[in-house]
Amino acid sequence: MKDNSNLNNQNKSSKERTRKIALAGILSAFIIIVLFLESITPTGRLGFYVLAAFILSVVLLEAGVKWAWAAYVVTCAAGLLLIPEKLNVLPYVLFFGIYTMLKFHIESLRKTWVEIVLKFAAFNLFLWPAWSIAKLFLPPSLTKGMMIIVAGIILQAAFAIYDILFTSWIKFYFEKIAPKIRKA
């Protein structure tokens with residue numbers, strides 16, 4: 001009798017592992033499709049990065065941290081291999097994908113002010129090199145003096161809105177989508 005229950009536990013564990021592998025693989029494929037669509041769409045491109053991050057968050061929520069990190073690495077590598085314009089993958093690789101993972105780790109601290117500081121620190125670590133690159137393509141009048149301050153304030157506000165939307169997405173997923181998926 002004891003061997004039979006041990007076998008059942010191994011069976012359940014094996015099924016759960018298989019479910020996580022399949023989920024991570026399928027959602028990783030969706031992320032690659034979204035990144036490809038971003039590279040060929042003339043407008044609304046930022047939304048595709050957000051969608052890719054939201055899909056990655058489903059891997060995190062349903063399969064766990066290890067599988068989400070694996071999906072992040074796989075989607076970065078596949079994106080860099082498959083997307084013709086490599087620069088189009090960089091926002092996902094350097095911010096949207098990695099922020100999905102960082103957000104989880106930061107919010108697990110459960111200390112609101114520490115979370116806020118760490119989130120903005122993570123965003124600004126991305127922003128600093130991105131701004132350095134963007135300055136090469138922008139007119140000098142937009143990269144000096146008061147314009148830097150204005151751009152910085154706008155970007156910080158945009159990030160705060162993004163983080164709030166991301167949190168709302170996670171709440172929506174848990175309340176509306178996850179129960180329907182888990183029922184099936």
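Here is a walk through the structure, from its overall outline to a few individual residues.

The model is predicted, so local features need pLDDT of at least 70 and side-chain atom pairs count only at pLDDT 80 or more, while totals for chains, interfaces and linings use all residues. Residues are numbered from 1 along each chain as its sequence is written, and side-chain values use heavy atoms, with hydrogens and water left out.

Let us start with the whole protein. Its secondary structure comes to six helices and zero strands, where helices (H or I, at least four residues) and strands (E, at least two) are DSSP runs numbered from the N terminus. Along the sequence this reads α-α-α-α-α-α. The C-alpha atoms fill a box of roughly 80 × 40 × 25 Å along the principal axes. Of the 184 residues, 32% count as buried; buried means under 20% relative accessible area, exposed over 50%, and partly exposed in between, with a 1.4 Å probe and protein chains only. Among contacts (heavy atoms within 4.5 Å) between residues at least 6 apart in sequence, 67% join residues at least 24 apart.

Now step inside. The largest nonpolar core has 39 residues, and those with the most contacts inside it are Tyr-92, Phe-96 and Tyr-162. Such a core is a set of buried Ala, Val, Leu, Ile, Met, Phe, Trp, Tyr and Cys residues joined through side-chain atoms within 4.5 Å. At least two of its residues come from each of α1 (2-40), α2 (45-63), α3 (65-82), α4 (90-107), α5 (112-134) and α6 (146-183). The largest share, twelve residues, is supplied by α2.

Not counting residues up to four places away in sequence, Tyr-162 touches Val-50, Ala-53, Phe-95, Phe-96 and Tyr-99. Its relative accessibility is 9%, so Tyr-162 counts as buried, and Phe-96 also counts as buried, at 9%.

What about the aromatic rings? Rings of Phe, Tyr and Trp (its six-membered ring) pair if their centres lie within 6.5 Å; planes under 30 degrees apart count as stacked, over 60 as edge-to-face and the rest as tilted. By this rule the count comes to 20 aromatic pairs. The pair of Phe-96 and Tyr-162 is edge-to-face, because the ring centres are 5.5 Å apart and the planes stand at 85°. Since Phe-96 lies in helix α4 and Tyr-162 in helix α6, this pair ties together parts that are 66 residues apart in sequence. Trp-169 and Tyr-173 form a tilted pair, with 5.8 Å from centre to centre and 50° between the planes. These two residues are four apart in helix α6, so about one helical turn separates them. Both Trp-169 and Tyr-173 are buried.

Two other residues deserve a visit. Glu-38 lies in helix α1 and, at 2% relative accessibility, counts as buried. Leaving aside neighbours within four places in sequence, Glu-38 is in contact with Arg-45, Phe-48, Tyr-49 and Asn-88.

Arg-110 sits in the loop between α4 and α5. Is Arg-110 buried or exposed? Arg-110 is exposed, with a relative accessible area of 69%. Most residues other than glycine have a negative phi. Arg-110, although not a glycine, has a positive phi of about 60°.
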